[in-house]
Amino acid sequence: MKARNDSSRAEEHVHDRLVQGDESALAEVYDCFVGLVHSVAMRVSGNRTAAEDIVQEVFVHLWEHPYAFRPERGSLRGWLCLLAHRRAVDWVRAEHARERRVEHACRTGGGEWVASAEDSVVAADEAARVRSALARLPAAQREAIELAFYADITYREVASRLGVPEGTVKSRMRGGLRQLATLLGNPSGRGTSGEGR
């Protein structure tokens, strides 16, 4: 019981720091849960690229909308897993719908091919926006974020691969995540309210 209370207090403290815009809190949450979030996304989607995109979306969402996580309702671990699961399910549903439309277009002689292609683009829009925004970051920030998210490794491992101090990697990733939030349409780089999907 004591361990659970200590864990709850720790998560409330991390939540308070996220709400206050403390980037080191995001770094701690990322290091602690990136593997788990990727695992959930990969298990549900069965697609590595989709899982990588979902990992980015989950942590950007946490940064932009820290109020969406409510410590009194459950653990941060559970909330991140739920968010990853929901986004992965959405991706799977969109893929299945796209496949059905393509199959139907093929069976009916392709008359609906253009509409199916447009729907497919719309379904992939959010992931494409994240990738496009990522491409606009300075090279050092982009490299650190790509290694962390796509290679599914911690700040320490990114620092080792790049041959730079861990603090430099954290700084690059914090700045990069802030710019991503701005590029994705949140000029302040922060969310103020909202529930998880």
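Here is a short chat about charged pairs and ring pairs in this predicted model.

Reader: What makes Arg17 and Asp22 a salt bridge?

Author: Their side chains come to 2.9 Å, N to O. The cut-off is within 4 Å, so the pair of Arg17 and Asp22 counts as a salt bridge.

Reader: How do you know whether Arg17 is buried or exposed?

Author: Arg17 has a relative accessible area of 14%. Buried means under 20%, so Arg17 is buried. Asp22 has 25% relative accessibility, and that value falls between 20% and 50%, so Asp22 is called partly exposed.

Reader: Which residues are linked with Arg17 in a network of salt bridges?

Author: Asp22 and Glu28 are linked with Arg17 in that network. The side chains of Arg17 and Glu28 meet at 2.9 Å, N to O. This pair links distant parts of the chain, with Arg17 in helix α1 and Glu28 in helix α2, 11 residues apart. Glu28 has a relative accessible area of 42%, so it counts as partly exposed.

Reader: Why is the pair of Glu166 and Lys170 called a salt bridge?

Author: The value here is 3.7 Å, N to O. That is within 4 Å, so the pair of Glu166 and Lys170 qualifies. Glu166 and Lys170 are 4 residues apart in helix α9, which means about one helical turn separates them. By the same rule, the count comes to 7 salt bridges.

Reader: How many aromatic pairs does the structure hold?

Author: It holds 2 aromatic pairs. One of them is formed by Tyr30 and Phe59.

Reader: What makes the pair of Tyr30 and Phe59 edge-to-face?

Author: The planes are at 65°. Tyr30 sits in helix α2 and Phe59 in helix α3, 29 residues apart.

Reader: Are Tyr30 and Phe59 buried or exposed?

Author: Tyr30 has a relative accessible area of 2%, and Phe59 has 1%. Buried means under 20%, so Tyr30 and Phe59 are buried.

Reader: Why is the pair of Phe69 and Trp79 called tilted?

Author: The planes of Phe69 and Trp79 are at 55°. Phe69 lies in the loop between α3 and α4, and Trp79 in helix α4.

Terms used
Residues numbered from 1 in each chain as written. Predicted model: local features only at pLDDT ≥ 70, side-chain atom pairs only at ≥ 80, totals over all residues. Heavy atoms only, no water. Buried < 20%, exposed > 50% of the residue type's maximum accessible area, 1.4 Å probe, protein only. Helix = DSSP H or I, 4+ residues; strand = E, 2+ residues; numbered from the N terminus. Phe/Tyr/Trp six-rings, centres within 6.5 Å; stacked < 30°, edge-to-face > 60°.
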